[in-house]
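We will go from stop to stop, with something to pick at each one.

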Amino acid sequence: MSNAWSALRGSPFRFLTSRWPWRSLAYTLVHAVLWVPALAAVSLPLLFPFWAAFLARIERRMVRLAGFEAIPGEPRRRGLARLQQPMLWREVAFALVQVVTGLLSIVFLAVAGAMSAIWMVVAFAVLTGIEWQQRPEPHELVLVTLASLAATVALPYVSTLLTYGQSFLATTLLSPRVEELQSQVTSLARANIAELDRFEGERQRIERDLHDGTQQHLATAAMRLGMLELELRESIPAGPAQTAALESLEAVRRETELALDTLRDIVHGLRPRTLIDDGLGAALRELGHRMPVSATVEADGVGRLPLPVESSLYYIASEAVTNAVKHAYPERIRIELAAPGDRIVMTITDDGLGGASSARGTGIVGMYERATMLSGDLLVDSPPGGPTRIVADIPRPR
């Protein structure tokens with residue numbers, strides 16, 4: 001029984017012994033409690049929209065009691081822009097309807113309490129032998145008791161039906177429409193692109209600082225170490241002392257050159273110059289040429305994309321091929337970049353050992369995050385034994 005309606009149509013015994021009557025009772029109790037503030041909010045028109053938004057947040061979760069999925073909300077605008085959202089007025093409509101359904105909940109609870117009390121009172125009086133002021137006939141007691149018992153059994157059905165109807169109405173009114181979801185996706189995509197722009201600006205600053213600052217200092221230090229070597233050869237006579245000094249100097253120079261090479265790799269890994277000057281296709285071809293295995297790149301016909309998008313896709317491709325070479329030992333890697341319709345699809349395939357998983361490291365997690373930031377999806381198909389296929393599918397930026 002996946003929801004209240006399927007429970008109602010099932011076996012009576014299974015229904016009465018299931019969780020649905022109790023869930024429906026909880027739903028009805030909450031609506032009865034909310035009826036009083038709802039009635040007060042109706043008398044305050046300026047505050048009623050705020051009450052409607054609060055009530056909608058509660059109802060979006062409460063519908064799960066009737067077996068519905070929680071209703072997704074939508075980002076709320078601020079100020080007067082909030083009045084332009086159709087969802088606000090549907091929330092107001094739902095809040096007005098809740099004034100009526102809340103009253104129905106109170107009436108139901110009152111009737112349920114009365115019906116359940118009648119047969120219990122009659123049974124108690126008969127069993128204890130209490131004297132009646134006006135003793136009813138036995139058949140009247142039997143009829144009243146049976147009617148009360150029948151009503152008590154029927155009450156869970158009424159409660160569940162009422163809960164299902166209210167939840168169905170809430171789902172109809174409070175669920176976002178298709179055009180609203182599309183607008184939400186567009187807004188999120190624009191916000192993500194703006195965030196990526198900010199990130200790219202910060203990354204450019206780091207690149208400049210590394211290139212113009214640290215990298216230049218290390219290059220200058222390496223040059224001065226070379227000059228110092230010449231001075232040592234001239235100032236210290238040949239012998240053990242000169243040899244020891246030159247060996248120490250050589251060790252320092254090797255460490256300096258290693259640090260410089262490492263820094264250059266970091267700067268290049270942040271974003272290659274080819275990506276900025278010539279675009280993603282050229283950067284992917286350059287990435288393929290640097291691979292120690294055979295790499296094929298097809299990236300024609302896509303054109304230039306916003307730099308944040310190209311940087312994120314390049315990161316995904318670079319991380320994918322680096323992971324493949326490091327862990328899967330492939331013989332061939334293939335990178336395809338295509339633009340079917342209004343999508344950008346990048347596919348990285350290798351014939352390595354497979355078994356790629358986010359549990360093995362943060363690389364795939366970072367790739368997922370990049371694709372999500374672009375409002376797209378990332379598919380990783382990597383069975384043990386290979387091959388591995390990674391697909392990044394994002395909407396084309398407008």
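The tour starts with ground rules and then moves through a few selections.

This is a predicted model, in which local features need pLDDT of at least 70 and side-chain atom pairs count only at pLDDT 80 or more, while totals for chains, interfaces and linings use all residues. Residues are numbered from 1 along each chain as its sequence is written, and side-chain values use heavy atoms, with hydrogens and water left out.

**Stop 1: helix 10.** Select residues 280-290, which make up helix 10; helices (H or I, at least four residues) and strands (E, at least two) are DSSP runs numbered from the N terminus. Its buried residues (under 20% relative accessible area, 1.4 Å probe, protein chains only; exposed is over 50%, partly exposed in between) are L280, G281, A282, A283, L284, L287 and G288. They pack against helix 9 (273-278), strand 1 (294-298), helix 11 (307-328), strand 2 (332-338) and strand 3 (343-350).

**Stop 2: T274.** Now pick T274 in helix 9. T274 is buried, at 17% relative accessible area. Its side chain makes a polar contact of 2.9 Å with the side chain of E286; such a contact is a pair of N or O atoms within 3.5 Å, where within protein one must be able to donate a hydrogen and the other to accept it, and residues adjacent in sequence count only if both atoms are side-chain atoms. Leaving aside residues up to four places away in sequence, T274 touches G279, A282, A283 and E286 (heavy atoms within 4.5 Å).

**Stop 3: strand 3.** Six of the eight residues in strand 3 are buried. Strand 3 pairs with strand 2 in the antiparallel sense over six bridges (pairing needs at least two DSSP bridges), and L337 stands opposite M346. Four residues separate these two strands in a hairpin, where G341 in the turn has a positive phi of about 60 degrees. Strand 5 (residues 388-395) also pairs with strand 3, antiparallel over eight bridges; look for I344 opposite I394.

**Stop 4: salt bridges.** How many salt bridges does a search of the whole structure find? There are eight, each a side-chain nitrogen of Lys or Arg within 4 Å of a carboxyl oxygen of Asp or Glu. Show D300 and R285, whose side chains meet at 3.5 Å, N to O. D300 is in the loop between strand 1 and helix 11, and R285 is in helix 10, 15 residues apart. Finish with R304 and E310, bridged at 3.0 Å: R304 is partly exposed at 44%, whereas E310 is buried at 0%.
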